[in-house]
Amino acid sequence: APSPMAAHRWAADHLTTELGSVKVVDLDVRAVEAALARLAGKPHKLSKASLVKVRSTLRQALAWAERRRMIGHNAAANAELPTKATEGRTLHALSPA
């Protein structure tokens, strides 16, 4: 498994691609949810677990800025994951022989 720092860096790369042109003070829940929806679709097709990691990274970064009064609210805190996010691979239990 990747280190926590590597996972945050991976998530930050996706966030920069999707939200890099938006100023942090202008970021709202709709913009975060739209970015997550784009990441769930083609060409990225991130799984639900990956989207949770991306949202968590953004939420943590914005919480840091909010504590320092750099922003008024954390737009990622209330952002919901897209319903089209996949659960990842389907696992099947082995049946007894």
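Asp-28 is partly exposed, with 26% relative accessible area, where partly exposed lies between buried (under 20%) and exposed (over 50%), using a 1.4 Å probe and protein chains only. This is a predicted model, in which local features need pLDDT of at least 70 and side-chain atom pairs count only at pLDDT 80 or more, while totals for chains, interfaces and linings use all residues. Residues are numbered from 1 along each chain as its sequence is written, and side-chain values use heavy atoms, with hydrogens and water left out.

**Salt bridges**

- The structure holds two salt bridges, each being a side-chain nitrogen of Lys or Arg within 4 Å of a carboxyl oxygen of Asp or Glu.
- Asp-28 pairs with Arg-30 at 3.5 Å from N to O, and Arg-30 is exposed at 65% relative accessibility.
- Arg-38 forms a salt bridge with Glu-18, with 2.4 Å between the closest N and O atoms.
- This pair links distant parts of the chain, 20 residues apart, with Arg-38 in helix H2 and Glu-18 in helix H1; helices are DSSP runs (H or I, at least four residues) numbered from the N terminus.
- Arg-38 is partly exposed at 39%, whereas Glu-18 is buried at 16% relative accessible area.

- Beyond its neighbours within four places in sequence, Val-54 is in contact with residues including Trp-10, Leu-36 and Leu-46, contact meaning heavy atoms within 4.5 Å.

How values were computed. Helices (H or I, at least four residues) and strands (E, at least two) are DSSP runs, numbered from the N terminus.
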